Each structure stands twice: as structure tokens, then as C-alpha cells.
Amino acid sequence: MSATAASIKGRAFGDHLLLALVILLSIVMIAPVLWVIGLSLKDNTELMADPNSVFHAPYTLKNYINTVGTSSVFIWVRNSIIVSGGLTLGTLILSSLAGYGFARLNFPGRDVLFVIVLFGLAVPEQAVLVARHQIFSMLKFHNTYQGLILPGLSAPFGVFLMTQYFKAIPKELDEAAMLDNASRLRIFWKVLLPLTLPAQATLGIFTFLGAWNDYFWPLISATKKDMFTLTVGMASTQTNFAQSEGIGFLMAQAVFAGAPILIVYLFFQKYIVTAVSGAAVR
Amino acid sequence: MADRLAMSPTATLAVGVRAPTADIYAPQWRNVIFVAPFLFFFTTLLLFPLLWGMWLSFHKADTFSSGNFVGLGNYARLYHDKVFLQSIWNTFYFVLLTVPTLALIGLFLALCLNRRTRTAAVLRTLFFSSSVLSVTIVTLIWRIVFIPNVGLLSTIYGWFGATAPAFISDPSLAMVGIAIATIWWCIGLPMMLFLSALQQIPQDIYEAAALDNANRWQTLRSITLPSIKRTFILVIIIQIVLQFQLFGQAWLMTRGGPNNLTKPIVLYIYDTAFRRWDLGLGAAASEILFILILVAAMAQYLVTRSRGDQA
């Protein structure tokens, strides 16, 4: 009896210890963000005099007003929306068509082609960047939207995902439509595509998020200030960190840029987690 | 319409119309039309640049001309370039700092949060939330934590009258600072991968263990951990591939300094190819990175292939 009691007591103690550790880790997760939000609401001179002033009034929205007043931020947001939206739309179209082709249709060399596409999954972006940059220089694509969108269309992940998804749909479905004399395109469009909506959502959100957060390619391709995406633009204002613009202003910018994506995450969490883990495991 | 389609196959197939079905799956050239648009971009913007990059690495090239053939000259220059060798070491050091920590904390969180309570769900959401932020925001957040005077760290140390370690400017701590920011950023993925592995362990094994009066530690050691061994290896490899490509955090937090001590391979490529415009040398460096990553990707392929198709 007493042994069981001790084991239950031990279990409770262990639970508390684990709980304490998890709480500690979650504080580490949250504290930096709260600090940033706090600083964004403070006047710069007051901050410089004493950082502890974050913990008491007066608070001000001045930094946010300045952020919104800086028209560049809106241009960068617009650029990011155009680039991420364009890339997402393009990826969904190309991947759905190719996924259907690889999963359902037969053509000479199909299996070899698919293996080559799979190999593309293992190619890191850095291995093609230098050549890609040179090609785009020759085509005069730098500092244009197509220059920012097109490279992402070559990524094989979407094709891989859609091929798997199409393969999972019972073949009897299109065979039946075949016998009703529907064309390939019609079967694809009317019968199969509606069934792939969950995969479209996953791939779409994943692509959008990846493009929205992409840093390397926009950094080397968009060199003009009015073609910056939000990530590159934000990075460009950070250079003279503490001195020039004021910490509070930078922090307001970070909140301004980060909040929308966190809100989107809260709404589409399930899809985002599925997509990100799926892309990692492949 | 969907109903009609779903109804018909059994009806028609029963009559024995096998011949047309077989015909549908015969190879036909016109079917290429569906994959052609993707293959166009795949070939021109991935395969071709990949090959061109290799070709460039044997040339002395700048932005507009492909220059002269120098054979293995660029690779020889890399071999003698102290900064490049330093960047390889830095990358491995960074991987060593981040990958085991990510795997262990991720596993710990997954074990604690693998339950159906509301609190666990909220905490899972919290620990994954940083993963959706861009590298620009993450580095902004962590620079404001580490910065002297108004930084969170120095404020907390200030309460106890102590001076915070200089995570960005101290040569021996700069990479640790980058690693901390990276772990904070990337912890969501390992946690989620472990969680989905834990959920695949059949519940009846645990029930059997409970009947045998196994305590929690025994259950963990002899049931849970062996069941997710493969996921553990997978997480390690995925993180190696991911962290090997360190760029944004190093570039934005330290610019690779002090003394190139936080300059990873990708930052070396960026510097060489896109700031000094020595494209040939940059291409050669990216081939080295490519080979290193390919080795890790091969390992991942072998792990996912062996023992079933669970992944």
C-alpha cells in the first residue's frame, strides 16, 4: 500500500518538475516577443535613459504612427503580397497539372523523368543561385516581379506532393469518366481536382509562407529599394541598429511585420504544421 | 455528377470492358502536355543552373561574362583560402551547437505535450509559432535581447547588479548567440515530428506495460524511445541539412564577425559571388556545399527507405 502511495507521490513530483521545465521554456519563447512589443510602445529617449521604463507608463503609439507613415513599408508589403501570391498561384497550377500527369498518365520516359524531379528535391538553393543570378542578369530580370517569382516555380516539392495525392485517389473514378467519354482535361478539372482541395490548401499555404519569409534570393535579386520584399526591406532598415532610427521604431516595425503572419498561423495552424512537417520528411 | 460517376464503374466493369481501360494507360506522347509546363521551369531554372554552376566553378567569371577556363583553379584557391576553411569549421560548429539541442528539446517537449489537454494544445501552438516568422524578424528580436544597455538580457542581469555576457560581440560567444536565436526559431519542427511519431505508437503496448507495473521511466526507456528511434535519426538528419544552410541569422546578427568567426559557408558564397562578384569562386564554394548536403540527403533517403514506408 505505502509503496503505491509513494509511487503516486513520486509521479506527482515528477509531473511538477516537468511542468516547471515546460513553463520555463515557454517563458523563453514568449519573453523576447513581449520585450519587443514593450519597447515598441516606448519613447526612444526614455528607453535610452532606463530600459526598465518598459515596465511602467507612459506608453506611446508614436513608433507605430511613424512606421505607418514610412511609405516604404507599404511598398514592401505590396511587393511581398504580389511575389508570394504569384508564386503560390503558379506553383498550384504547375504542381496540380504535373502531379496528375505523373500519377495518372503514361508517356515515354515518365518514370525516368519522375526520378529526375525527385533528385531535384535534394538540390539546395545555394547550388544553383550563382548561375541563376547570372542567367537573370542576362535576361534583365533582376528588380522585376518575374525575377522574384520565377525561380520558385522550379521547386519540385509541390509536384511530389500532388503526385502522391493523385495516386491516392481511386483509379475507378477516372476510368468511369473515361467510359463516359470525358476528355483528359475534363476529368482532371471536373472530377479529380475538386478532390485535391486539402492538398491544394496545404501546398498553397506552405508555398506562400516560404515565399513570404524567403530572404536570400530577394536579397540578391531585388537591389532597388522599391522592389524590396518585406523581409529584405526590414533587414535594410536594421543596419544602423541602435544609433539612428531608434529602437522603439525598429521594434514597432518588427511587430507590424510579424503580427499578420502570426495571426494567419493561428487560423491555419493545422495546414501549416502538416505542410511544414510534410516538406521536411518528404 | 460526382454521384453518377461514383456509381458507374462497378456497373460498366461488370460487363467486362477491360480492353479500353488497359488502353488508357498505354504510353502516349500527348500526355506530356500535363507535365511540360513544370518541366520547363524545372529544366531552365533548376537543372540548367545546376549544371551551369558546375561549369562556372571551373572558370574565372563575373556577372556578364563566363571568362576563362581555369580548371580546378577555383577549388585550389578555396583550399588555400583561410576564410573558406574557417567558414567550413564555423558551419560544422554551428551544426554541432544547434542540432543535438534542437533534437533533445524537441523530444522533451513532444513527450510532455503529447496529451489531449487544452493546455498542451496551447503550448504546442506556442512552441511552433516562432517557426512562421521570417529570419529578419527573428534576428531583430534576438538582437534586442542581446544588445547591451536596452537589451532584455542586460536588463535582467542589471536587476542582480551583474553584466550580461556579450553574445554578439564576444568572439567566443557570438556563434552561441546565433545558435540560441536559431534554436528559438526552429524548435517547432522537431517537436512536431516527434509528436506525430509518438502518436503512431500503438496504445495497447502502454496498457500492457501498465499491467506489468512498469514505472514511467521504464516505459519511456523500453517502449517509447525504441519506437521513435528512426524518427530521432530522421530529425537529426533533417536538422543537419537545414542548419548547414545557415545564412540569414549570421548575416543579420553579426555580418560574419568578429574576425570571420561566425561566417558560415553560405555567407562565404554570398560574399564571394554577390559582393566581390567572383562568380567562379562562389560557384566552386557552392559545389562543395552541395556535396556536403547531398551526403546528408542520401542518409535521409536511406533512413526513410529502410524499415517500411512510415514516413
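At what angle do the axes of helix H6 (residues 126–138) of chain A and helix H3 (residues 32–56) of chain B cross, and within what distance do they come? Some notes on that and a few other spots follow.

1. Ground rules. This is a predicted model, where local features need pLDDT of at least 70, side-chain atom pairs count only at pLDDT 80 or more, and totals for chains, interfaces and linings use all residues. Residues are numbered from 1 along each chain as its sequence is written, with chains lettered from A and ligands numbered from 1 in the order in which they are written.

2. The crossing. The axes of H6(A) and H3(B) cross at roughly 95 degrees and come within 7 Å. Axes here are lines fitted to C-alpha atoms, for helices over the stretch in contact, with angles from 0 to 180 degrees between N-to-C directions. The two helices are therefore roughly perpendicular (65 to 115 degrees; under 35 is roughly parallel, over 145 roughly antiparallel, the rest oblique). Helices are DSSP runs of H or I, at least four residues, numbered from the N terminus.

3. Who meets whom. From H6(A), Ala127(A), Val128(A), Val130(A), Ala131(A), Arg132(A) and Ile135(A) meet a set in H3(B) that includes Leu45(B), Pro49(B), Trp52(B) and Leu56(B). Contact means C-beta atoms, placed from the backbone, within 7 Å. By class, this contact has eleven nonpolar, one polar and one charged residues (nonpolar: Ala, Val, Leu, Ile, Met, Phe, Trp, Tyr, Cys and Pro; charged: Asp, Glu, Lys and Arg; polar: the others, Gly among them).

4. The whole interface. Chain A puts 85 residues into the contact and chain B 83. On the chain A side, helix H14 (residues 247–281) gives the most, with 16 residues. The predictor's ipTM and pTM for the complex are both 0.86.

5. Within chain B. Helix H5 (residues 82–113) of chain B packs on helix H15 (residues 265–274) of chain B at about 145 degrees, axes 8 Å apart. Val83(B), Phe84(B), Ser87(B), Ile88(B) and Thr91(B) in H5(B) meet Ile265(B), Leu267(B) and Tyr268(B) in H15(B).

6. An enclosed helix. Twelve of the 17 residues of H11(A) are buried, so this helix is largely enclosed by the rest of the structure; among them are Phe206(A), Phe208(A) and Trp212(A). Buried means 20 or more other C-beta atoms within 10 Å of the residue's own, exposed 12 or fewer, partly exposed in between, with C-beta atoms placed from the backbone.

7. A caution. Chain B averages a pLDDT of 85 (the predictor's confidence in each residue, from 0 to 100), but residues 1–19 of chain B stay under 50. Where pLDDT is low, the predicted coordinates should not be read in detail.

Note on methods: Two residues are in contact if their C-beta atoms, placed from the backbone, lie within 7 Å.
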